[in-house]
Amino acid sequence: MTAIDRTAYPRPGTRLTREELGARYDLTETDRTFIRANARGDVGRLVLAALLKTRRDLGCFPALDAVHPGTVAHLAAQLGTAAPQAWADEIRRTKSLYRYQAAVRSQLSVTPYGDAAEQLVIGTVLEAAETMSDPADLINRTVEVLQAAAIDLPAFSTLDRLVNRLRTEVHGRIYDRVAARLASEHAAVLDALLAKLPDSATTGFNRLKQAPGPATPKTVRLWTDRLDWLGGLIDPDPLLEGIAQTKLRQFAAEAAALEVGDLLDIAQPSRRHTLLLALLRQARMRCRDELIEMLLRRVRRTQAAAKEQLDALHDQHRGIEENLIGIFGQVLETEQVQDTDAAFGRHVRKLLSAQGGVAALAEQCETVSAWHRGNDLPLLWPIHAKHRVLLFRLLDLMDVRSATQDRSLLDALAVVSNHRHARRDEVLGDVDLGFASQRWRGFVAKRQSQPGALDRRALEVCVFVHLADALQTGDLYVVGAETFADYRAQLLPWAECEARLPAYCAALGIPERGDDFAAALKAELTALAAEVDAGFPANTEFSVDADGTPHLKQLATTEQPSGLPEFEQEIRARMPERHLLDILKHAEHWSRYTRHFGPPSGSDPKLAQAVQRYLFTVFGYGCNLGPGQTARHAPEIASAQALRRINAQHINADKLEAAMVDVINHYTRFPLPRHWGSGRAAIADGTHVKLRENNLLGSQHIRYGAYGGIAYHHIADSYIALFTSFIPCGVWEAVHILDGLLKNRSEIQPDTLHADTQGQSEPVFGLCRLLGIKLMPRMRGLGDVTFYRPAKAIRYEHIDALFTGDIDWDLIATHARDMIQVVLSIQAGRVMPSMLLRKLGTYNRRSLLYRAFRELGRVERTLFLLRFFSNIEVRRVIRAETTKIEAFNDFLDWVSFGGPVIKSGDPVEQEKQLKYASLVANTIMLSNVADLTTILSEMAADGHPVTPALVAGLSPYTRSHILRFGQYALDMANLPGPLDPQPLPFEPTL
């Protein structure tokens, strides 16, 4: 049986806050009229009121005993009667109860659950089970459908039995379909994966689950061998054809969480084979992705090493340059004192001879000129040559295709591949270099050879550099990959987009036609620029140089409210001492966040002391202690191996995100966080995390000056963490800025996003506009920003020098449909913004989609910059909000007291490690807000001043009262009382 806590099935016994009671259980005049007309006596009217409001709120008629006493008391107070201590048996069993239910159904236009409703549920589950596996998800889907159809929800046990039966039926059909396609020899290959061969240290199944090792050349060779091995087993795609992608991912996750013994225990061979095929498919796709990532990183490192060598050469040649400049200065001085050309020539020749002669000086000039203007291209080949054999072998394993009609790069790749063993310096033949820039073409062409001859080494380097760019932008894709697949196949067809277009445009307040959209943008930019120009003389904070460089005066420091230090000191003295494990336990008791953890099959966990072990797992991984260190401090709870197994089999990134949502939603029930932020804004920022050297996603980061990756966090303006992800150092942070908002499933749904300079770019601004998100980053390097004029003919009296660019409005109008198709695909969950922005983040001269988003982003960024420079309040808000994320990063460092280094080399585990830490941080914030709410009421009762200004100066990151060390124990019998989100002392009560 599925635990009800894991589903969205309504539970009427929840204690509601005053605000929630007011919103959901206040009686309207229509309600009162209905109650008076259909019930007699105080008890009858109260029963009818309870049935009316619970049916409207929950979608079903709960037992009267199950309704929380606080809810009953709230209804009774509105009816002017007393709430009963207990409902009398005759009231619960009387025919009046059924009459009341019938009256409520008539009033609300809803119907009881019957045969037609069951058929609706059956159809819904049979369809949903083709893409979903977890019974809790299927029950949630049926609840949504029944509520949308205005049908009473049946008992939970009824839904649970029906859903599990239908789920088993759908899975059985899928397994039988695969079994019918699977030849006996292929089945034997799959079964052999579960046996350890005599000459092998492990099984083939464990090889399938193997995580990538350090990204050294040796490990890359291991991965190419791995892809060879995977390709030599079975092609799973024809056998799995017709199964939804989401289903295949779920089957693969289920298989990856099992051990060999678990698979052998599966009595149904067709199920075992289907799980193995799904895992094999995923392993092949991820192996290709990882190898392509390694190729990209290798090419980028080659380019970076060449630039470093160029900088070193500049340093070496600085003395030569200064000497040559000195000689030229002497020549100029000689010209001033010599009257005739002949005398001038003799003195110059004498001067040059004294400096080593013309030939030596010419050689020095050639040496300096060779590396002038950042010309690092000649330095690439020696670096590339060390790894070229490996890169060619990698490409031989890939089926790389073009996503456009242009095949020039693939044709050049074929030429380079055919000449990989050649010893000649030249490549003869007609090679189309249309994919390369003029600078690269000039470098590849052999000037002192026959026409059409190309430098073989230069051509090879050129092709690999542009190949990396094309894979990054999506111009090329890899067949059978996941991340590097053809992204166009993931977009919604335009026919589906057209059906969604009216509602989408109405929600954003934009016209449906591209021409009208561009005209509206132009009018908005024109009006705002004129407004800023008119207000410029009165703006004492903003100035513009004659060359168009803008300047802003530094913002004054925000003054703290009087008495804040004493206020904070009194609060610290009153905060109860708590151990971090107890905080995790209390938050679990309130929100039941561990309900999301369990086996990948979706069945309930069979673990003894499951909740206790889940809490220790969250604690050990979230604080970066690791399973070994955690188990040593609590050997009676679980061994290190048990904690590792729970982490691998019962908890994944999606489940950690769902657990965070539960904690966030309970946090938002308190009025206190609304004094720190409205919840309508989020702040995003990346912080450096250390990894072990030679890690797949690790690298030396220029910005942070250390080896590792980036933990990218999104927090709400009320401080709570919304989303966390792990990204490699080489990725521009703006690429991932929108993922966190779109993946956030909590009740906090921000529409404004703050970030630092790394979190913005022109395509990001453009995509934000079409997603309905207001991007407000902190801007640094103001002299480098570009303002775009609404029209070439428009001039401004005061700020005209700011505008140095023009907008191509026709480009926006022409490609508005293409941009909206991408955005609707994002909203439909078909593609993530990070994937799109990664392809738009690298300059691509041929991508009209990139140019359209960039042009729209230029409009949006200019609008933002005009508001940023002209409105001091905008700058104050941005500074205040971005300061919060810095405090959060410091708080998260404190949470991860087990050490700053993420030890796992698996990117999946690295991501989970960060999500564990964010979950722990959120439970602390929930506990702190609950304690602060109580303390503030006590302080007000004791005569201490408690004002909105003082409360706004607090933070949920306080931690001096929290114990992290010592003996780790959990008394699951000692639980806190129910969560009580009371209003603050200065807030009105309902």
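Trainee: Is the crossing of helix 25 and helix 37 left-handed or right-handed?
Mentor: Helices here are DSSP runs (H or I, at least four residues), numbered from the N terminus. A crossing is left-handed if the near helix is turned anticlockwise from the far one by less than a right angle, and right-handed if clockwise. For helix 25 and helix 37 the crossing is left-handed.

Trainee: What kind of model is this?
Mentor: Residues are numbered from 1 along each chain as its sequence is written, and side-chain values use heavy atoms, without hydrogens and water. Local features need pLDDT of at least 70, side-chain atom pairs count only at pLDDT 80 or more, and totals for chains, interfaces and linings use all residues, since this is a predicted model.

Trainee: How is helix 25 oriented to helix 37?
Mentor: Axes are lines fitted to C-alpha atoms over the stretch in contact, and angles run from 0 to 180 degrees between N-to-C directions. Residues 514–535 and 848–870 pack at about 20 degrees, axes 10 Å apart. Angles under 35 degrees count as roughly parallel, over 145 as roughly antiparallel, 65 to 115 as roughly perpendicular and the rest as oblique. So helix 25 and helix 37 are roughly parallel.

Trainee: How is helix 27 oriented to helix 28?
Mentor: Helix 27 (residues 580–591) and helix 28 (residues 610–622) pack at about 125 degrees, with axes 10 Å apart. Therefore helix 27 is, to helix 28, oblique.

Trainee: Which residues of helix 28 meet helix 27?
Mentor: Contact means heavy atoms within 4.5 Å. Helix 27 brings Leu580, Leu581, Leu584, Lys585 and Glu588. Their partners in helix 28 are Val611, Leu615, Phe616, Val618 and Phe619.

Technical notes
Helix = DSSP H or I, 4+ residues; strand = E, 2+ residues; numbered from the N terminus.
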